[in-house]
Amino acid sequence: MTSGDVRITACPDGPLLVRGDMELEGEDGQPIERRRRTIAVCRCGVSAIKPFCDGTHKAVGFTTR
């Protein structure tokens, strides 16, 4: 991966892992602060810290199948 590349990996029954240099914006278009180079983005919709994953998908039985 070069410095400008962004890689998104869909975890089975879990979040999207986003790696690389990118900007994350909320639905209002405002930037959301990233504290890490790799972030986990919620796909289940139940996370208490959306748009980031907090692991709640395990407790609610979220599946991508």
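I count two strands as paired if DSSP finds at least two bridges between them. Strands (E, at least two residues) and helices (H or I, at least four) are DSSP runs, numbered from the N terminus.

The model is predicted, so I keep to its limits: local features need pLDDT of at least 70, side-chain atom pairs count only at pLDDT 80 or more, and totals for chains, interfaces and linings use all residues. Residues are numbered from 1 along each chain as its sequence is written, and side-chain values use heavy atoms, without hydrogens and water.

**Strands.** I looked up R19 and found T38 of strand 3 as its bridge partner. Strand 2 (residues 16-20) runs antiparallel to strand 3, and four bridges join them. In a regular strand, side chains alternate between the two faces of the sheet. Buried means under 20% relative accessible area, exposed over 50%, and partly exposed in between, with a 1.4 Å probe and protein chains only.

**H57.** I placed H57 in helix 1 (residues 56-60). H57 is buried, at a relative accessible area of 11%. Leaving out residues up to four places away in sequence, H57 touches D13, G14, P15, C44 and F62; contact means heavy atoms within 4.5 Å.
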